[in-house]
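Visitor: I would like to learn how to read a ligand site and the pocket around it. Where do we begin?

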Amino acid sequence: MMERTCAILKPDAVNRGLVGEVIRRFENKGLKIVGMKMERLETKKLEEHYAHHKDKPFFKGLVKYMASIPCIVIALEGVEAVEVVRRMVGATSGRKADMGSIRGDYSMSHQQNLIHASGSREEAEKELKRFFKDGELHNYP
Ligand code: CMP
């Protein structure tokens, strides 16, 4: 089924100059970019985005880190895009993620793991609404 999913290139991806590399992988794979922007994410939005982690000891640090510099927010479209992008991103820890995945190839960290990707179709829908305004997502042939 045709789906849309949300990816966020985190501050470490921006700082390390890996934005192009990650986008290149999505393009090469055949995913369609239907939205993309650089944004300094607001604390409030991030607290909402990571609400399921709010009782974890790393919650505050995570939100602060994500708000520290602008991120790149991307909407990707394709058949089964949610699962495909999750597999391309790899497991949470860069040390455990499979080689060949984005985190497996470029991260040695559990927190600074380069990229967020929606975990399910329901999450994707919520996140696309949270991070993109009307008119920022595109339909084109
Ligand atoms: P992600 O899986 O995209 O969403 C939750 C994020 O929290 C995760 O990426 C990491 O960036 C961060 N995270 C998860 N577990 C830890 C941890 N134990 N310590 C610090 N940060 C973490």
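Visitor: Which residues surround the ligand?

Guide: A residue is near a molecule if one of its heavy atoms lies within 4 Å of it. Here the ligand is surrounded by Lys10, Tyr50, His53, Phe58, Leu62, Thr92, Arg103, His110, Gln111, Asn113 and His116. This is a predicted model, in which local features need pLDDT of at least 70, side-chain atom pairs count only at pLDDT 80 or more, and totals for chains, interfaces and linings use all residues. Residues are numbered from 1 along each chain as its sequence is written, and side-chain values use heavy atoms, with hydrogens and water left out.

Visitor: How does the shell divide by residue type?

Guide: Ala, Val, Leu, Ile, Met, Phe, Trp, Tyr, Cys and Pro count as nonpolar, Asp, Glu, Lys and Arg as charged, and the others, Gly among them, as polar. The shell has three nonpolar, six polar and two charged residues.

Visitor: What lies 2.8 Å from an oxygen atom of the ligand?

Guide: A polar contact is a pair of N or O atoms within 3.5 Å. At 2.8 Å from a ligand oxygen is a polar backbone atom of Gln111. For the side chain of Asn113, an N or O atom is 3.1 Å from a ligand oxygen; for that of Arg103, the distance is 3.3 Å.

Visitor: Which pocket does the ligand take up?

Guide: Rolling a probe the size of a water molecule over the atoms shows where empty space is left. The space taken by the ligand is the largest pocket. On a 1 Å grid over the protein atoms alone, a pocket is an open set of points where a 1.4 Å probe fits, with protein on both sides within 12 Å along at least five of seven lines; lining residues have an atom within 4 Å of a point. A molecule sits in a pocket if more than half of its atoms lie within 2 Å of its grid points.

Visitor: Which helix gives the most to the lining?

Guide: H7 does, with five residues.

Definitions and conventions: Polar contact = N/O pair within 3.5 Å; in protein donor to acceptor, adjacent residues only side chain to side chain. Helix = DSSP H or I, 4+ residues; strand = E, 2+ residues; numbered from the N terminus.
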